[in-house]
Amino acid sequence: MPEDGRARQRTGTGIGLLLALVLGAVLLTALPHGGEREGGGCTPRRLGAVSADAGLTGEFARYGDDATRTDDWTGGDGTHSVRLPDGRVLWLFSDTYLGQVHRPPNPVGESYAWRDTSAPLVRNSAVVMDTKGRLESTLPVPLFPNPAPDQWRWPVAARVEPRSPGSAESVVRVLLWVRTAGQSPWIYGVPTATEVATLSLPDLRVESVVKVLDQSLVPDPSRRLLFGTTLVDKGGFTYVYGGDDGQAVSRPNSSAYVARVPEGRLGEPAAWRYWDGSGWGLKPRALRGAEVGSAFSVVQVEGTYVLFTMAAGAAGLTTMTSYWACSPTGPWHGPTKSFSPSLPSAGVAAYNPQVHPQLTSDGRLVLSYDVNWLETTGASASINANVSLYRPRFVTVRLERA
């Protein structure tokens, strides 16, 4: 493979999700009919006060800059997390840099910590945070090996659930996106399948990986669905959100979908049911009026469902917004108030907003966003020359009644 091809692949998840979020403008409108309705407690919500979470952002910078090991996490994107029963937090990442971080100045004299251009890159990683909020170790990488030549796995959302319905034993289920190397416009991988990995507790050993939705035979790659960008638990079910890659080709936006799985059965393909516009069946149908990018996040707050995403159009490079609904299937209302998080320098963009409800305290949600270089040409060199460009950043968000 040519070197420029390797460089593009090294930041595939970052730039790929970035372009998807920018091109995949979010237009969430009310469904004419068919959405589930819930009882009282649902009230319109919008973004209120937003403030930088310097503690969490700084903890990932501290851990990434620690030069005592060369086989652990020094940067990554696709940030997701899940709290374990013993109080630890498991952080999951897609494309991840390892290697050693050097103190500034970098080789061109800039005042940035940096990596060698030969720094190893793996397709996924997992970092464990202790009960006091300190990152302590990187699990063996890649945690989820490539399923086949020219294919890779990106972990997305995860949850702890019973090993089987009613079981007293818990496991971690991790949703995985399988992508296959492809030609333009699929330089960031062709959508191939959604899988569910089971990790044992407390040792976090990968026990199995099960394919729950195979899309390899769908002729048009832009119509293939990947699930797991975000999860919501409600009433004994896990609601699993996903989308297609329509914005990669002729369509300007992607479409949003949602599946529903009984608690304890995420790893059983036969247990999955998909919203078909009026109920739960075997044929997924797009949430009418909902057109999204590749990554968004949904959380339930006191009976209201709140969706976080990048804003529509060019504002999606820098600006996040939210929508609200009274049901996991909508109808969605918004966009409501937007905000622009801090970016470290010019020429970079924010993407992949993810809520981390297990870190919520005092009514404030913790929201992460990833940062990457805007240009694909030379992106890998730029990320290595300034390691802060490819690490998650965090804010705390207070919601208010709209």
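Visitor: Is Cys 42 buried or exposed?

Guide: Buried means under 20% relative accessible area. Cys 42 has 19%, so it counts as buried. Keep in mind that this is a predicted model.

Visitor: And what about Cys 326?

Guide: Cys 326 has a relative accessible area of 22%, which makes it partly exposed.

Visitor: What joins Cys 42 to Cys 326?

Guide: A disulfide, with an S to S distance of 2.0 Å. The structure holds one disulfide. Cys 42 sits in the loop between α2 (12-23) and β1 (45-52), and Cys 326 in the loop between β23 and β24 (348-355), so the link ties together parts that are 284 residues apart in sequence.

Visitor: Which hand does the link of Cys 42 and Cys 326 have?

Guide: Read the angle about the S-S bond. Here it is -85°, and the link is left-handed.

Visitor: Let us turn to a helix. What span should α3 have?

Guide: The expected span is 1.5 Å times one less than the number of residues. Helix α3 (residues 54-65) has twelve residues, so it should span 16 Å. Its end C-alpha atoms are 16 Å apart, which agrees.

Visitor: Which residues of α3 are buried?

Guide: Leu 56, Glu 59, Phe 60, Tyr 63 and Gly 64. They cover an arc of only 125° around the axis, which puts them on the same side of α3. On the other side of the helix, Ala 54 and Gly 55 are exposed.

Visitor: What do the buried residues of α3 pack against?

Guide: Strands. The list is β4 (89-93), β6 (101-102), β9 (125-129), β10 (135-138), β25 (364-373) and β26 (393-401).

Visitor: Now strands. How many residues of β12 are buried?

Guide: Nine of eleven, so strand β12 (residues 170-180) is mostly covered.

Visitor: Which strands pair with β12?

Guide: Look for bridges, then for direction. Strand β11 (residues 151-162) is joined to β12 by ten bridges, and the two run antiparallel. Strand β13 (residues 190-199) pairs with β12 over nine bridges, also in the antiparallel sense.

Visitor: How many residues lie between β15 and β16 in their hairpin?

Guide: Two, and Gly 235 takes a positive phi near 60° in that hairpin. Strands β15 and β16 (residues 237-243) pair over seven bridges in the antiparallel sense.

Visitor: How many residues of β15 are buried?

Guide: Seven of the nine residues in strand β15 (residues 226-234) are buried, and the strand is mostly covered.

Visitor: What touches Pro 262, leaving aside neighbours within four places in sequence?

Guide: Gly 236, Phe 237 and Ala 271 are in contact with Pro 262. Pro 262 belongs to strand β17 (residues 254-262). Its relative accessibility is 23%, which counts as partly exposed. For a C-alpha separation, take Tyr 239: this residue and Pro 262 are 23 residues apart in sequence and 9.0 Å apart in space.

Visitor: In what order do the strands of the open sheet with β2, β5 and β8 come?

Guide: The order is β2-β5-β8, with antiparallel pairing. The edge strands are β2 (75-76) and β8 (121-122). Strand β5 (residues 96-97) is joined to β8 by two bridges. Across that pairing, Tyr 97 stands opposite Leu 121 in β8.

Visitor: Last, a loop residue. Where does Thr 319 lie?

Guide: In the loop between β22 (304-310) and β23 (320-325). Thr 319 has 13% relative accessibility, so it counts as buried.

Visitor: Which side chain makes a polar contact with the side chain of Thr 319?

Guide: That of Ser 340, at 3.0 Å. Not counting residues up to four places away in sequence, Thr 319 touches Thr 309, Met 310, Ala 311, Ser 338, Phe 339 and Ser 340.

How values were computed. Residues are numbered from 1 along each chain as its sequence is written. This is a predicted model: local features need pLDDT of at least 70, side-chain atom pairs count only at pLDDT 80 or more; totals for chains, interfaces and linings use all residues. Side-chain values use heavy atoms; hydrogens and water are left out. Helices (H or I, at least four residues) and strands (E, at least two) are DSSP runs, numbered from the N terminus. Buried means under 20% relative accessible area, exposed over 50%, partly exposed in between (1.4 Å probe, protein chains only). A polar contact is a pair of N or O atoms within 3.5 Å; within protein, one must be able to donate a hydrogen and the other to accept it, and residues adjacent in sequence count only if both atoms are side-chain atoms. Contact means heavy atoms within 4.5 Å. Two strands pair if DSSP finds at least two bridges between them. The arc is that of the directions from the helix axis to the C-beta atoms. A disulfide is a pair of cysteine sulfur atoms within 2.5 Å.
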